[in-house]
Amino acid sequence: KSIKKNKVDIIGFHGQTIFHNSDERISRQIGNGKKLSELTKKPVVFDFRQNDIKNGGEGAPLAPIYHKALVKNLEKNNKIKIPVTILNIGGISNITFIDQNYEITSMDIGPGNCLIDKWLRLNSNKKFDENGSIAKSGKIDKFILNQSLDIYYNNIVSKKKSLDVNNFDVSFARGLSLENGAATITEFTADILSKKITNNSVYVCGGGRKNNFLIERLRNKVKNKIISIDETEIDGDFIESQAFGYLAIRSYLSLPISFPNTTGCKNPSTGGVIVKNF
């Protein structure tokens with residue numbers, strides 16, 4: 001209803017990913033773009049990943065081209081200096097590295113909130129660890145942590161460019177208390193993320209940036225400057241939604257949204273399906 005009342009020219013609708021397998025080049029999102037267009041009386045761009053997959057890509061990550069546009073604008077206003085890394089901590093974490101020539105390289109780098117959230121939902125009535133306070137009150141089980149990290153780093157999953165929440169599970173923490181399990185899983189997550197962060201300034205967006213304990217553990221492991229994107233006067237809660245609005249416009253203009261250095265596609269690929277169902 002609010003969309004009908006406001007001036008909206010086009011809607012970028014990603015939908016909810018329910019399955020992603022980079023090896024088999026399968027990525028499935030629920031959400032009916034045609035129905036959304038009918039209900040809102042607006043053109044809708046959806047199904048962003050399939051064209052990339054047809055062109056040899058993994059279908060993810062897709063936000064990097066928006067990260068590039070965002071960083072260009074921030075640098076223009078003297079709020080960011082390149083080279084820079086954007087770290088997005090959602091269910092899965094991904095990074096976009098933007099070098100001094102504005103060339104972008106991107107990949108999924110490991111779990112974000114998915115393991116911590118799953119642990120809390122399985123072992124309490126909470127859906128997530130607000131501010132990381134439960135993990136902070138626990139004790140990291142170093143034996144279980146080191147064993148789990150060894151298994152992970154020797155697993156093919158750790159080499160993938162794109163990941164799915166189903167690539168990870170919390171079974172390694174079975175038997176730990178709620179607090180100790182949360183602490184160990186948070187440390188596990190931070191360790192994996194820290195291995196892929198390589199340059200001087202890292203700006204964090206996504207819901208995971210609000211997990212103070214996760215960010216604290218991440219800062220403890222890397223020498224880089226880790227800064228919340230909000231410190232640039234950008235609302236980190238809306239980076240992802242803004243990205244798909246931007247990708248919708250690029251799709252409408254037949255401009256590429258994925259690239260060999262982001263998804264592994266053979267050539268820069270255009271993206272979403274445009275529907276006008278009203």
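Guide: H8 and H9 are oblique to each other, since they pack at an angle of about 45 degrees, with axes 9 Å apart. Angles under 35 degrees count as roughly parallel, over 145 as roughly antiparallel, 65 to 115 as roughly perpendicular and the rest as oblique. The model is predicted: local features need pLDDT of at least 70 and side-chain atom pairs pLDDT 80 or more, while totals for chains, interfaces and linings use all residues. Residues are numbered from 1 along each chain as its sequence is written, and side-chain values use heavy atoms, with hydrogens and water left out.

Visitor: How are the helices and their axes defined?

Guide: Helices (H or I, at least four residues) and strands (E, at least two) are DSSP runs numbered from the N terminus. Axes are lines fitted to C-alpha atoms, for helices over the stretch in contact, and angles run from 0 to 180 degrees between N-to-C directions. Helix H9 covers residues 212–221, and helix H8 covers residues 178–194.

Visitor: Which residues in H8 and H9 meet?

Guide: Contact means heavy atoms within 4.5 Å. From H8, Ala183, Thr186, Glu187, Thr189, Ala190, Asp191, Leu193 and Ser194 take part, and they meet Phe213, Leu214, Arg217, Leu218 and Lys221 of H9. By class, this contact of H8 with H9 has six nonpolar, three polar and four charged residues. Here Ala, Val, Leu, Ile, Met, Phe, Trp, Tyr, Cys and Pro count as nonpolar, Asp, Glu, Lys and Arg as charged, and the others, Gly among them, as polar. The crossing of H8 and H9 is right-handed; a crossing is left-handed if the near helix is turned anticlockwise from the far one by less than a right angle, and right-handed if clockwise.

Visitor: At what angle do H7 and H8 pack?

Guide: Two packed helices are described by the angle between their axes and the distance between the axes. For H7 (residues 142–153) and H8 the angle is about 40 degrees and the axes are 10 Å apart; H7 and H8 are therefore oblique to each other. H7 passes H8 in a right-handed crossing. In H7, Ile144, Leu145, Ser148, Leu149, Tyr152 and Tyr153 meet Thr184, Glu187, Phe188, Asp191 and Ile192 in H8. The contact of H7 with H8 has seven nonpolar, two polar and two charged residues.

Visitor: Are H5 and H8 roughly parallel or roughly antiparallel to each other?

Guide: H5 and H8 are roughly antiparallel: their axes cross at roughly 165 degrees and come within 9 Å. Leu115, Ile116, Trp119, Leu120 and Asn123 in H5 meet Leu178, Gly181, Ala182, Ile185, Thr186, Phe188 and Thr189 in H8. This contact of H5 with H8 divides into eight nonpolar, four polar and no charged residues.

Visitor: Which residues in H5 are buried?

Guide: Buried means under 20% relative accessible area, exposed over 50%, and partly exposed in between (1.4 Å probe, protein chains only). In H5 (residues 114–123), Cys114, Leu115, Ile116, Asp117, Trp119 and Leu120 are buried. The buried residues of H5 pack against strand E6 (92–98), strand E7 (104–111), helix H6 (133–136) and H8.

Visitor: Which residues touch the most other members of the largest nonpolar core?

Guide: In soluble globular proteins, nonpolar side chains tend to be buried together. A nonpolar core is a set of buried Ala, Val, Leu, Ile, Met, Phe, Trp, Tyr and Cys residues joined through side-chain atoms within 4.5 Å. The largest has 28 residues, of which Phe48, Val71, Val84, Ile98, Tyr203, Ile229 and Leu247 touch the most other members. Helix H4 (64–76), strand E5 (84–89), strand E8 (201–205) and helix H10 (239–252) each supply at least two residues of this core. A second, separate core of 24 residues includes Ile116, Leu149, Val157 and Ala173.

Visitor: Where is Pro61 found, and where is Pro83 found?

Guide: Pro61 is in the loop between helix H3 (50–54) and H4, and a cis peptide bond with omega of about -10 degrees joins Ala60 and Pro61. Pro83 is in the loop between H4 and E5; the peptide bond from Ile82 to Pro83 is cis, with omega near 5 degrees.

Visitor: What is the phi of Lys41?

Guide: Phi of Lys41 is near 60 degrees, a positive value in a residue other than glycine. Lys41 lies in the loop between helix H2 (33–40) and strand E4 (44–46) and, at 46% relative accessibility, counts as partly exposed. Ser254 likewise is not a glycine and has a positive phi of about 60 degrees; at 53% relative accessibility, Ser254 counts as exposed.
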